[in-house]
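Subject: Structure for you to look at

Hello,

Here is the structure I said I would pass on. Please open it first, then read the notes below it.

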Amino acid sequence: MTVRVRVPVERLNLNKYSLNLASGETFTLSTSTTPKNATLQTVAWYTEDESVAAVDDNGVVTAVGAGETVIYALSDDGFYKASCKVSVKD
C-alpha cells in the first residue's frame with residue numbers, strides 16, 4: 001500500500017506586486033509557494049478589469065488601456081491569493 005502525504009501551500013508569492021506598463025506592453029508574472037515542496041503549486045490568474053489589463057493562464061499580463069487594475073493569482077488548492085497592482089498609461 002502506498003501512502004501519499006499532501007503538503008499544503010502555506011504562502012503564495014509573486015515576482016512583482018506592482019507594475020507600470022504602457023498600452024500594448026506585456027510582462028510575465030510568476031509565483032512561488034512556501035513550502036517549496038507543496039503538492040499543488042499551480043495557480044489560476046484573474047484580472048479585475050480586462051479593459052485595463054488582461055492576464056493569460058501563464059501569468060502573461062497585457063496592458064490594454066489606460067487605468068489601474070489588480071491581477072490575482074489564486075492557488076489551485078483555493079486557500080491562498082496574491083495580487084499585483086497594474087497601472088497602464090497610453
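The largest nonpolar core has 18 residues. A nonpolar core here is a set of buried Ala, Val, Leu, Ile, Met, Phe, Trp, Tyr and Cys residues joined through side-chain atoms within 4.5 Å; buried means under 20% relative accessible area, exposed over 50%, and partly exposed in between, with a 1.4 Å probe and protein chains only. Leu-29, Trp-45, Val-61, Ile-71 and Val-86 have the most contacts inside this core. At least two of its residues come from each of β1 (11-14), β2, β5, β6 (53-55), β7 (60-63), β8 and β9, and β9 gives the largest share, 4 residues. In soluble globular proteins, nonpolar side chains tend to be buried together.

This is a predicted model, in which local features need pLDDT of at least 70 and side-chain atom pairs count only at pLDDT 80 or more, while totals for chains, interfaces and linings use all residues. Residues are numbered from 1 along each chain as its sequence is written, and side-chain values use heavy atoms, with hydrogens and water left out.

Strands are DSSP runs of E with at least two residues, numbered from the N terminus. Two of them pair if DSSP finds at least two bridges between them. An open sheet of 4 strands has the order β2-β9-β8-β5, with mixed pairing. Its edge strands, β2 (18-22) and β5 (43-47), each pair on one side only. β5 and β8 (residues 67-75) run antiparallel and are joined by 5 bridges; Tyr-46 stands opposite Tyr-72 in β8.

β7 pairs antiparallel with β3 (residues 26-28) over 3 bridges, and the bridge partner of Thr-26 in β7 is Thr-62. β6 and β7 also pair antiparallel, over 3 bridges, where Ala-54 stands opposite Thr-62. These two strands, β6 and β7, form a hairpin with 4 residues between them, and Gly-59 in the turn has a positive phi of about 85 degrees. Val-61 and Ala-63 make up the covered face of β7, and Val-60 and Thr-62 the uncovered one.

Is Ser-87 buried or exposed? Ser-87 counts as buried because its relative accessibility is 14%. Ser-87 lies in β9 (residues 81-89). Leaving out residues up to four places away in sequence, Ser-87 touches Leu-19, Asn-20, Leu-21, Gly-67 and Glu-68, where contact means heavy atoms within 4.5 Å.

Regards
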